[in-house]
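Dear colleague,

Please find below the structure that I am handing over to you, together with its sequence. My findings follow directly after it.

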Amino acid sequence: MPRSCRILTYAIAATVVATAGLVFPSGATAAAPHTATSDFNGDGYADLAVGVPDGTVGGRVKAGYVNVVWGGPKGVGAYGSIRVTQATSEVPGTPEAGDRFGASVALVDLGGDGIAELLAGVPGEDLTDRGTDAGMVIAIGGSPGGPGSGSTVLTGPSPSAAYGTSVVAAELTGDDNKEIVIGGTDKVVARVIQGEDSMITAVVAAPMGGRAPVLATGDFDSDGTADLAVAYWTAGNPTTQSHVRLWTWDAGRSEMANFWNTDNADVTALAAGDFDGDGHDDLALGECREIADENIDDPCGPEKLAKGGAVHLHYGSPASGSFGSRAQTLHQDTAGVPGVAEDGDRFGAALAVADVNRDGRDDLIAGAPGEAIGSTAGAGAAWLLSGGAQGLLDAGGAATSVSWNQDTPGVPGVAEAGDAFGAAVASGGCSAGGVSDVTVGSPGENDSLGAVWLFRSGSASGSAAFSPRTLGLPYLSTAQKYGKPLSSR
């Protein structure tokens, strides 16, 4: 596939267009096309970063590594990979047991040169002057020859700060520089670039129950600049400490400003996309469950729809309206969604966005790693939910979707207990005709060695799998849990 192969990122276009012979349906607005931002080696193809924080490096258990899997005309997995660790030349630090390098990963073109940088979180990093598990985030340059030089983006300020439990990057301030947002224990901070200077600003400082804050970016206020979505929750006091919040850059105050909230929600994943094709970004809340005894605003929709996990959507609005005023909720008992909603399915525990059918409306990939396949518990599954004129549900409340698992015809492997297929999902890369590929992680595969499945053009036909074994990675007898997290696009 030539360098012109394109994928869709967040939509800011406001007019209906026809591109490469594609005529968008009435009411749909073409999402702005961008070249693949996850091209780490500059060959024009999207690559995939697989974080392996449980991986052994030099005999050091859970030192962690990142496997960058090269893309190509056949998608990722057929062209080899490289293994990046803190033992890699010019990558800061030293592999140590429990560092968990790669606990969070992102492939982002920070410099705007068409070659992505790799962001890797190391929440278990011990620092002499900061203490145990202070954590850090490292940026590693891409290049045609493999990884370039690396540098430390930010280190945690104190013991157990665990910086790097989550990380995203986007242009938040509108000055052509991409900001890096880092999640740690009870804190989210942003590294903001302004001209030749950079500053660190706190976004959220609140109890988060020891979990990694969930981060995503999208243009939720429709001003042409990305905003930040943050989700966190704390068991025991959900009314005051469980939130999904949106933040935008306030240039006058030089800080991130909170402009929208929904409370009382237990959310495992977030994803931004234009699912109804109106030119405004929407926000999907994955594995959304109400965790307050009394709930006024129903942040995850009617409680009866949250069984086994659900996906709740807040839709963007024109400038004259308000974000999130229109909402939808769907799960496995929704018409058009294969399966049956059951406790423990964890439907929506992983989310990704791509316009797979190229109709100008984004589609949503949702994983349910707890899904039972027949009587096989925890085998896991994933769904491709199609966007439409009303979003992911039509006017009658039905979805259009397909589901995949390891017993689906054309999908390699066999569904086995504990595979956790769908624990991570990612979009990006291009197959025939420039259609986005989908990848699905299964960290429990092969006694937790783990593996990743590629669905070319979002189809089970011709799908393929790759794993530490097929890629020639070391320590094949250890539980690496390969396949979570994933970062492409």
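Two strands are said to pair if DSSP finds at least two bridges between them. By that rule β14 pairs with strand β15 (residues 197–205): eight bridges join them, and they run antiparallel. Within this pairing, Val189 has Ala202 in β15 as its bridge partner. The two strands make a hairpin with two residues between them, and Gly195 in the turn has a positive phi of about 65°.

Please bear in mind that this is a predicted model. The mean pLDDT of the chain is 87, and 85% of its residues reach 70 or more. Residues 1–36 call for caution, as pLDDT stays under 50 there. For that stretch the model has 89 contacts beyond four places in sequence.

The chain as a whole

The chain has 489 residues, of which 59% count as buried. It contains two helices and 34 strands. Its accessible surface comes to about 17,600 Å², and 49% of this belongs to carbon and sulfur atoms. Among the contacts with a separation of 6 or more, 54% are made by residues 24 or more positions apart.

Strands and sheets

β13 and β14 form a hairpin with two residues between them, and Asp186 in the turn has a positive phi of about 60°.

Asp362 is placed in the loop between β26 and β27. Is this residue buried or exposed? Asp362 has a relative accessible area of 2%; buried means under 20%, so Asp362 is buried. Its C-alpha atom is separated by 9.7 Å from that of Asp281, which is 81 residues away along the chain.

Aromatic pairs

The structure holds seven aromatic pairs. One of them is formed by Phe40 and Trp70, which are stacked at 6.4 Å centre to centre with 20° between the planes. This pair links distant parts of the chain, 30 residues apart: Phe40 lies in the loop between β4 (33–35) and β5 (48–52), and Trp70 in the loop between β6 (65–69) and β7 (81–84). Phe40 and Trp70 are buried.

Why is the pair of Trp404 and Phe455 stacked? The ring centres are 4.2 Å apart and the planes are at 10°; planes under 30 degrees apart count as stacked, so the pair meets that condition. Because Trp404 lies in strand β29 and Phe455 in strand β32 (residues 451–455), the pair ties together parts that are 51 residues apart in sequence. Both Trp404 and Phe455 are buried. Ring pairs also link Trp404 and Phe455 with Phe421 and Trp453 into a cluster.

Yours sincerely

Key:
Residues numbered from 1 in each chain as written. Predicted model: local features only at pLDDT ≥ 70, side-chain atom pairs only at ≥ 80, totals over all residues. Heavy atoms only, no water. Helix = DSSP H or I, 4+ residues; strand = E, 2+ residues; numbered from the N terminus. Buried < 20%, exposed > 50% of the residue type's maximum accessible area, 1.4 Å probe, protein only. Contact = heavy atoms within 4.5 Å. Areas by Shrake-Rupley, 256 points an atom, 1.4 Å probe, with all protein chains shown as cover. pLDDT = per-residue confidence, 0-100. Phe/Tyr/Trp six-rings, centres within 6.5 Å; stacked < 30°, edge-to-face > 60°.
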